[in-house]
Amino acid sequence: MAPIILIGKGRVTIPLRYKVGVYQIRVGCRLSKMNFDLNKLYHLYNRGNNRQKIFFNRDNYIFFLKKIRTHLFPHCNLFAYCLMPNHFHLLIQANEKSLELDKNDKSIFSGGLRTLLSSYTRAINIQEKRT
């Protein structure tokens with residue numbers, strides 16, 4: 001199933017059949033301690049500090065989507081996403097790779113998510129000339 005693409009202002013509408021059993025996870029909680037269940041749906045979301053923008057131009061959206069493809073696709077199935085100027089939503093399904101642990105017994109998926117967010121943040125801070 002291809003992801004639903006929503007960029008800019010708008011809302012994510014999840015078909016009713018998917019609303020049952022969707023776990024909401026605010027990115028920033030302790031994902032390394034999170035236990036993912038096979039084939040369960042998870043709603044991941046996060047927003048900028050003080051509701052500040054995290055996407056400043058079209059290239060930022062595309063860059064973030066490329067990071068999702070690189071760091072999350074190998075570890076989960078992406079059903080839908082919504083990228084808005086100051087926050088994002090991802091609807092993912094845990095698969096076998098989501099359950100894998102690294103040599104330190106930490107989730108490989110949470111490591112991919114951590115890399116996605118930290119590398120995007122570094123790139124935006126450089127773009128916006130922040131320290």
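User: Which residues do ring pairs link into a cluster?
Analyst: Ring pairs link Phe 55, Tyr 61, Phe 63, Phe 64, Phe 88 and Tyr 120 into a cluster. Rings of Phe, Tyr and Trp (its six-membered ring) pair if their centres lie within 6.5 Å; planes under 30 degrees apart count as stacked, over 60 as edge-to-face and the rest as tilted. Please note that this is a predicted model, in which local features need pLDDT of at least 70 and side-chain atom pairs count only at pLDDT 80 or more, while totals for chains, interfaces and linings use all residues. Residues are numbered from 1 along each chain as its sequence is written, and side-chain values use heavy atoms, with hydrogens and water left out.

User: How many aromatic pairs does the count come to?
Analyst: The count comes to six aromatic pairs. One of them is formed by Phe 55 and Tyr 61, which are stacked at 4.6 Å centre to centre with 15° between the planes.

User: And what about Phe 55 and Phe 64?
Analyst: That pair is edge-to-face, because the planes of the two rings stand at 80°, with the centres 5.3 Å apart.

User: Are Phe 55, Tyr 61 and Phe 64 buried or exposed?
Analyst: Phe 55 is buried, at 2% relative accessible area. Tyr 61 is buried at 11%, and Phe 64 is buried at 1%. Buried means under 20% relative accessible area, exposed over 50%, and partly exposed in between (1.4 Å probe, protein chains only).

User: Let us turn to Asn 60. Where is Asn 60 found?
Analyst: Asn 60 is found in helix 2, which spans residues 58-71. Helices (H or I, at least four residues) and strands (E, at least two) are DSSP runs, numbered from the N terminus. With a relative accessibility of 4%, Asn 60 counts as buried.

User: What does Asn 60 touch?
Analyst: Leaving aside residues up to four places away in sequence, Asn 60 touches Phe 55, Tyr 120, Ile 124 and Gln 127. Contact means heavy atoms within 4.5 Å. The C-alpha atoms of Asn 60 and Ala 123 are separated by 9.3 Å, although these residues lie 63 apart along the chain.

User: Which backbone atom does the side chain of Asn 60 reach?
Analyst: The side chain of Asn 60 reaches the backbone nitrogen of Phe 56, at 2.7 Å.

User: And His 71, what does that residue touch?
Analyst: His 71, also placed in helix 2, touches Gly 112, Thr 115 and Leu 116, not counting residues up to four places away in sequence. His 71 counts as buried, at 19% relative accessibility.

User: How many disulfides are there in the whole structure?
Analyst: A search of the whole structure finds zero disulfides, a disulfide being a pair of cysteine sulfur atoms within 2.5 Å. Cys 76 counts as buried at 3% relative accessibility, and Cys 82 counts as buried at 0%.

User: Finally, what is the overall pattern along the sequence?
Analyst: The protein follows β-α-β-β-α-β-β-α, with three helices and five strands. Of its 131 residues, 40% count as buried. Among contacts between residues at least 6 apart in sequence, 62% join residues at least 24 apart.

Conventions:
A polar contact is a pair of N or O atoms within 3.5 Å; within protein, one must be able to donate a hydrogen and the other to accept it, and residues adjacent in sequence count only if both atoms are side-chain atoms.
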